[in-house]
Number of protein chains: 2
Amino acid sequence: MVNGDRPHVVILGGGFGGLYCTRALADAQVRITLVDKRNHHLFQPLLYQVATAALNPADIAQPIRAIVRKQPNVEVLMADVIKIDADHRRVLFSDGDALSYDYLVVATGATHSYFGHDEWQSVAPGLKTIEDALEIRKRILFAFEEAERHHDPLAQRAWLTFVVVGGGPTGVEMAGAIAEIAFQTLKRDFRRIDPTQARVLLLEGTPHILGTYPEILRRKAAEQLVKLGVDVRTDARVTHIAERGVTVDMPTGAQHIEARTVVWGAGVAASPLARTLGVPLDRAGRVLVTPTLNAPGHERVFVIGDLAAVKQKSGALVPGVAPAAMQEGKYVAQAIVDLVHEKPIFGHPFEYFDKGSLATIGRKKAIADLPGHIRLWGFLAWMAWLFIHVLFLIGFRNRILVLIEWTWAYATWQRGSRLITGTVAHEGPHTEVSTAPRAPVSSSAISPPS
Amino acid sequence: MVNGDRPHVVILGGGFGGLYCTRALADAQVRITLVDKRNHHLFQPLLYQVATAALNPADIAQPIRAIVRKQPNVEVLMADVIKIDADHRRVLFSDGDALSYDYLVVATGATHSYFGHDEWQSVAPGLKTIEDALEIRKRILFAFEEAERHHDPLAQRAWLTFVVVGGGPTGVEMAGAIAEIAFQTLKRDFRRIDPTQARVLLLEGTPHILGTYPEILRRKAAEQLVKLGVDVRTDARVTHIAERGVTVDMPTGAQHIEARTVVWGAGVAASPLARTLGVPLDRAGRVLVTPTLNAPGHERVFVIGDLAAVKQKSGALVPGVAPAAMQEGKYVAQAIVDLVHEKPIFGHPFEYFDKGSLATIGRKKAIADLPGHIRLWGFLAWMAWLFIHVLFLIGFRNRILVLIEWTWAYATWQRGSRLITGTVAHEGPHTEVSTAPRAPVSSSAISPPS
């Protein structure tokens with residue numbers, strides 16, 4: 001191989017961080033191996049649209065091989081890394097194979113955390129992978145089908161109650177989208193039940209949803225959710241989740257909510273791979289990286305994206321968002337080039353450039369916190385959100401298809417991917433067993449820390 | 001309910017037969033319950049395009065509820081019928097519920113048959129449902145990934161060998177599409193293996209592929225397959241399928257083909273529901289219906305689509321294709337209206353109008369056997385195939401999306417849905433266990449007769 005003598009850069013994870021790092025190394029005199037457990041890069045900010053039947057999986061996912069096809073210094077490996085052996089400069093795969101590196105970039109991201117309640121996972125799936133999204137889509141659509149089959153009004157009500165746990169961006173998006181499905185998409189599709197009688201609850205443990213946004217936008221977001229028909233409960237801490245519903249601690253006391261469909265949008269935990277590095281981690285399992293994004297004590301190992309806890313000058317952490325991962329990926333690519341050319345990198349620590357944040361709530365409903373204290377909500381914020389997300393969707397074709405799906409959805413209130421696929425057990429209306437939790441959630445890209 | 005006094009028509013199955021029957025009853029003074037195990041109607045003629053990563057599941061599937069939304073005399077039930085109790089005019093569900101009917105239309109179709117070798121199912125999945133298609137897609141794409149990971153040339157070769165069993169239309173379409181994936185789509189995506197070195201074998205037990213077509217078209221189809229790089233073997237009877245490959249009886253003797261990916265396109269068996277009717281069935285399990293498509297002895301029970309063995313005047317059976325099911329559905333709707341109005345139906349037996357048949361092989365490659373002895377192949381046949389399939393795709397939106405996908409695929413040779421989703425276990429390159437066959441094929445709409 002002509003690249004054989006060049007330094008070998010191994011990049012773990014084909015998310016935003018890993019991919020942008022790979023691309024930024026296109027002209028570098030290195031050979032790159034990009035390793036991912038999946039064959040596809042996922043545009044995670046739109047994953048909730050797959051979970052809510054608006055987009056197809058392939059609209060937001062592209063094969064990693066196809067993305068880097070024209071970059072000759074990259075080899076892509078679909079494989080499962082279980083350990084980083086920094087002492088011997090190699091990573092170990094689940095099948096016993098090993099891969100040596102000269103430079104390592106760890107960008108394996110994060111998964112859901114159930115805060116020690118892993119038993120909730122089967123009843124309240126989170127949203128990190130395509131499989132998660134299809135599982136949630138199946139449960140939401142199937143709940144309406146089950147409600148239609150039941151004659152008992154209490155059972156119907158439980159099947160028509162949807163609980164979203166966690167008032168962060170994912171929870172807000174999910175709650176808004178479920179409300180739109182019930183109150184618009186399906187409203188004329190059933191004969192016995194009235195989908196507009198569904199209840200969609202958004203439970204947030206702290207006093208505010210979207211806690212990282214300024215107060216005015218938090219309030220606007222809550223207003224827009226209420227307008228969509230979402231029942232927003234703050235200061236509502238979930239203490240128990242089971243097949244039949246959710247128990248919540250609220251200022252007014254404990255309450256049990258009968259619900260057959262629960263979606264988890266609350267906790268995030270770093271990929272367990274971080275622990276195999278043997279360096280200090282923060283409470284969420286992220287690596288406390290140096291200002292140059294190194295794993296402490298490892299000049300040739302970089303950690304980026306959701307797996308890295310990166311302190312800004314202000315003292316705050318860089319948020320776990322796609323633009324941050326992209327910027328970190330590019331920074332690390334330059335750092336590796338500098339190291340290869342034996343230039344010092346320490347004079348130039350990573351700085352995060354905040355381009356603002358956006359959260360969408362529903363049709364013509366969103367909030368945007370942009371640089372220069374520009375704060376938008378409603379239609380304008382939604383247009384900004386649309387524009388930016390289509391712009392960043394990797395792959396020209398996907399952009400066009402997503403635009404068509406959205407235009408169609410906007411014009412008709414319909415959703416393009418209303419399919420219930422995968423195993424659905426049919427339970428009798430009078431049995432005790434819930435239909436929802438059957439199989440454990442499909443394997444995530446990264447398994448949660450045990 | 002205003003419809004309460006009207007005769008109750010229960011239609012089992014939301015495929016082409018059931019759906020066209022439902023639609024044809026739109027103005028009839030009946031109330032209809034359309035029952036399907038799935039929430040979606042599937043455009044089965046294009047299912048192989050999902051299996052070969054060209055189309056999204058949602059491109060060829062529509063929620064049944066959405067299709068009949070505007071037909072007020074229809075109620076849709078997502079439920080699993082396990083028995084027809086014709087004596088008491090009712091159908092029984094898996095959960096113990098029952099549903100009474102005045103008229104019953106059974107249109108539950110067919111599934112794969114492994115000719116008594118059900119143990120082949122896990123190693124050689126067939127293609128009937130969306131889940132089947134996603135399973136096959138996963139296996140095909142994953143095989144290339146595994147080949148890239150292996151250093152042993154023999155293992156690489158086994159992973160790069162694809163066997164399609166059965167030279168009917170599905171087998172021909174699958175073989176052609178796999179060849180295009182290997183020789184065009186993926187040809188520049190790997191660094192260690194050369195996907196164009198893949199072998200795609202199409203095995204047919206009889207002397208001819210596409211046996212129902214005239215000789216000239218059979219020959220043209222075989223020529224076009226060979227041009228695509230498919231290794232077509234006729235008179236090749238599969239005697240054994242296991243994780244490591246296929247054993248074939250050929251005129252030259254028995255041969256073992258090392259292959260990690262096998263697709264089953266050979267046998268079809270009728271839905272097992274037919275057996276609960278207690279009427280004579282043919283060898284494939286189909287109901288030997290009367291000229292008015294009744295189950296013999298049951299004036300109020302009709303059987304249509306792939307589940308019915310319908311004799312034509314010529315003595316030949318009506319083929320198991322979508323247009324036949326549609327025509328039968330419409331005929332039965334009229335018969336039910338006649339019965340409701342106490343008119344005789346027996347003066348007017350069902351007649352199948354053959355609009356011709358088409359089979360596609362690949363890009364610009366197809367065959368068409370049209371009325372008036374018009375026989376096309378190559379580009380013209382392919383254009384006819386394209387036109388007819390887009391025309392019949394139910395749902396305006398799907399037509400546009402499919403056209404875009406196809407245009408894009410045509411222009412770039414790329415495929416839009418190259419995602420490996422679902423559980424994929426990573427096996428070591430040197431272990432004996434194959435990565436392909438683990439879990440049994442996802443539940444089919446109808447389970448094969450045991």
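How many bridges join strand 1 (residues 8–12) of chain B to strand 9 (residues 103–106) of chain B? Four bridges join these two strands, which run parallel. Helices (H or I, at least four residues) and strands (E, at least two) are DSSP runs, numbered from the N terminus, and two strands pair if DSSP finds at least two bridges between them.

The model is predicted: local features need pLDDT of at least 70, side-chain atom pairs count only at pLDDT 80 or more, and totals for chains, interfaces and linings use all residues. Residues are numbered from 1 along each chain as its sequence is written, while chains are lettered from A and ligands numbered from 1 in the order in which they are written.

**The sheet of chain B**

Strands of a sheet pair through backbone hydrogen bonds, either parallel or antiparallel.

| Strand pair (chain B) | Bridges | Direction | Opposite residues |
|---|---|---|---|
| Strand 1 and strand 9 | four | parallel | Leu12(B) and Val106(B) |
| Strand 9 and strand 21 | three | parallel | Val106(B) and Val303(B) |
| Strand 20 and strand 21 | two | antiparallel | Asn294(B) and Phe302(B) |

Strand 20 and strand 21 of chain B form a hairpin with two residues between the strands, where Gly297(B) takes a positive phi near 85 degrees.

**Helices packed on the sheet**

Axes are lines fitted to C-alpha atoms, for helices over the stretch in contact, and angles run from 0 to 180 degrees between N-to-C directions.

The axes of helix 1 (residues 16–24) and helix 8 (residues 322–340) of chain B come within 7 Å and cross at roughly 35 degrees. Among the residues making this contact are Phe16(B) and Tyr20(B) of helix 1 of chain B and Met326(B) and Val332(B) of helix 8 of chain B. By class, the contact comprises nine nonpolar, four polar and two charged residues. Here Ala, Val, Leu, Ile, Met, Phe, Trp, Tyr, Cys and Pro count as nonpolar, Asp, Glu, Lys and Arg as charged, and the others, Gly among them, as polar.

**The relation of the two chains**

Chain A is superposed on chain B by a rotation of 180 degrees with 0.0 Å of shift along its axis (RMSD 0.0 Å). This is the relation of a two-fold axis. The superposition is by least squares on the C-alpha atoms of residues with pLDDT of at least 70 in both copies. Of the residues of chain A, Asn56(A) comes closest to the rotation axis, at 3.4 Å (C-alpha).

In total, 45 residues of chain A are in contact (C-beta atoms, placed from the backbone, within 7 Å) with 47 residues of chain B. Helix 4 of chain A supplies the largest share of the side of chain A that touches chain B, five residues. That side divides into 16 nonpolar, 14 polar and 15 charged residues. Because 100% of the interface residues of chain A are also interface residues in chain B, the copies meet through the same surface.

Notes. Contact = placed C-beta atoms within 7 Å.
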